[in-house]
Amino acid sequence: MTESIQDLSLTIGNNRNHWQDFLRDQGLTDFTDQEISAIDRTVVLVDDQGQWVGTGSVAGQTIKYLAVVNDGTQNAGARFNRLVSELENRLAQAGIFHLFVFTKPQYQSSFEHVGFTTLAKTDWGLILEKGTPDIEAFRRSLPVHAQPGQRVGALVMNANPFTRGHRYLVEQAAQENDLVYLFVVSQDVSLFTAAERLNLVRAGMADLTNVVVARGGDYMVSYLSFPAYFIPGNEETIRYQTALDAELFKQQIARPLGISRRYIGTEPQSPTTNLYNQTLKARLPPEVAVIEVDRVQVSGSNQVISASAVRALIKSGDLDGLADLVPESTGQFIKNHYQDLHERILKG
Amino acid sequence: MEIKKTALAGTLESSDIQIMLSQGQGKIEFSLVSDVAKQFGDQIKATIEKVLAAYQIDDALVKVVDQGALDPVIEARAITVCQRALDLVDQPQWEVL
């Protein structure tokens with residue numbers, strides 16, 4: 001019995017319905033328009049009777065909606081391997097050699113058998129990666145590594161844009177540690193681009209010599225580990241995702257780099273970030289202490305300094321009071337690029 | 001020779017082998033996933049190393065996922081991945097074969 005690979009276009013309604021029915025039969029039920037529209041390509045495995053016996057999709061560098069029929073006529077493992085292999089070869093042709101899977105714990109061994117490594121695991125789900133450059137290359141690419149016996153702290157921030165509040169938080173960490181890793185979220189879906197955010201953090205931190213500013217890459221608060229940070233999700237989804245993000249940080253970042261403290265700001269305004277902070281406090285200790293620092297307020301008022309307050313100023317067009325919220329470097333950048341930023345905000 | 005770009009050859013199907021070749025850290029570095037790594041891991045690596053040597057590659061990261069491939073299959077996949085990684089697909093090195 002021969003089975004062949006065929007391409008499937010999900011933009012055709014009939015195909016999409018058939019595909020969803022097929023996946024439902026295999027126990028996959030979660031279809032949001034957002035997820036489906038992110039899919040770049042889909043293949044199906046068809047037997048010599050024309051029946052579908054498996055399917056798999058790729059969105060960016062992530063394998064998604066992978067399912068095979070286990071009907072006893074052919075080894076389900078062979079179908080699984082064939083589909084993963086096909087998707088990998090297609091990604092390779094597109095120049096993508098580093099891929100991820102986000103799946104249920106029971107599939108861990110299936111993916112490890114075809115060369116994936118587990119990055120993080122919870123009772124509910126796991127993230128695996130394969131190819132290059134992988135997490136090891138990411139760690140190696142960091143410009144400075146701690147010496148034995150040094151006390152190392154870390155922060156992860158989106159810094160959209162970098163404010164006096166961020167600065168205060170990092171200063172605390174810099175005072176209390178020999179070395180501080182400051183990871184800036186790499187996902188490019190904020191008002192300020194990833195490159196702008198990174199540059200503003202670098203500029204605002206230039207005088208603190210024990211702070212290493214680095215890109216968070218795919219590994220910290222990314223679409224991969226924590227999509228609900230960027231697209232709305234319900235509370236349960238956020239709990240699942242933040243748990244994986246926290247485990248990934250603990251196992252793959254903190255442990256190998258010798259990080260024993262993670263600094264976070266209190267979060268009175270964003271429920272998502274607040275849940276994230278709660279998860280970090282539940283998952284990281286005792287190996288990594290979580291130190292929550294109170295938000296600083298604008299002197300002489302009770303307004304807390306936040307990046308969203310800065311964005312509100314840009315939107316309103318009234319830059320008075322900007323200097324209270326951001327350091328010189330960020331303020332200068334906003335003034336120089338005001339028109340552009342203002343238009344970006346209005347476009348949403 | 002220097003690796004020009006990351007390349008992939010082979011599949012994950014039974015009796016095949018998948019090899020990914022990318023720039024190394026100054027030497028040949030292997031990662032091997034195989035059910036028979038204990039018995040045949042060294043032999044698999046030796047077969048691939050022989051091909052790398054024929055292409056004068058001495059600096060590469062070699063990621064291998066073996067599904068029980070025999071030596072001639074391993075050699076064929078290794079040749080393909082080297083040709084691709086060196087950007088020589090349209091000018092095969094016949095003397096290696």
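This is a predicted model: local features need pLDDT of at least 70, side-chain atom pairs count only at pLDDT 80 or more; totals for chains, interfaces and linings use all residues.
Chain A comprises 13 helices and 12 strands. Its C-alpha atoms occupy a box of roughly 75 × 50 × 35 Å along the principal axes. The radius of gyration of chain A is 23 Å, which agrees with the value near 20 Å that a compact globule of 348 residues would have. Of these 348 residues, 53% are buried. The accessible surface of chain A amounts to about 16,100 Å², with carbon and sulfur atoms contributing 45% of that area. Contacts across the sequence are well represented in chain A: among those between residues at least 6 apart in sequence, 67% link residues at least 24 apart.

Chain B contains 2 helices and 4 strands, arranged from the N terminus in the order β-β-β-α-β-α. Here the box filled by the C-alpha atoms is roughly 35 × 25 × 20 Å. A compact globule of 97 residues would have a radius of gyration near 13 Å, and the 12 Å found for chain B agrees with this. Buried residues account for 44% of chain B. About 5,100 Å² of chain B is accessible surface, 49% of it belonging to carbon and sulfur atoms. Among contacts in chain B between residues at least 6 apart in sequence, 76% join residues at least 24 apart.

Within chain B, strand β2 (residues 17-23) pairs with two other strands. Strand β1 (residues 7-9) runs antiparallel to β2(B) and is joined to it by 3 bridges; in this pairing, B:L8 has B:M20 as its bridge partner. Strand β4 (residues 60-66) is also antiparallel to β2(B), with 7 bridges between them, and B:Q18 stands opposite B:V65 of β4(B). As 6 of its 7 residues are buried, β2(B) is largely enclosed by the rest of the structure.

Most residues other than glycine have a negative phi, and most peptide bonds are trans. A:P133 is located in the loop between β7 (126-131) and α5 (135-141) of chain A. Another cis peptide bond leads from A:N160 to A:P161, again with omega near 0°.

Phi of A:A159 is positive, near 50°. A:A159 has a relative accessibility of 3% and therefore counts as buried, the cut-off being under 20%. A positive phi, near 40°, also occurs at A:V221, a residue in the loop between β10 (211-215) and α8 (235-257) of chain A. With 4% relative accessibility, A:V221 counts as buried as well.

Methods:
Residues are numbered from 1 along each chain as its sequence is written. Chains are lettered from A and ligands numbered from 1 in the order in which they are written. Side-chain values use heavy atoms; hydrogens and water are left out. The radius of gyration is taken over C-alpha atoms; the globule rule is 2.2 Å times the number of residues to the power 0.38. Buried means under 20% relative accessible area, exposed over 50%, partly exposed in between (1.4 Å probe, protein chains only). Contact means heavy atoms within 4.5 Å. Accessible areas come from the Shrake-Rupley method with a 1.4 Å probe; for residues, only the protein chains shown count as cover. Two strands pair if DSSP finds at least two bridges between them.
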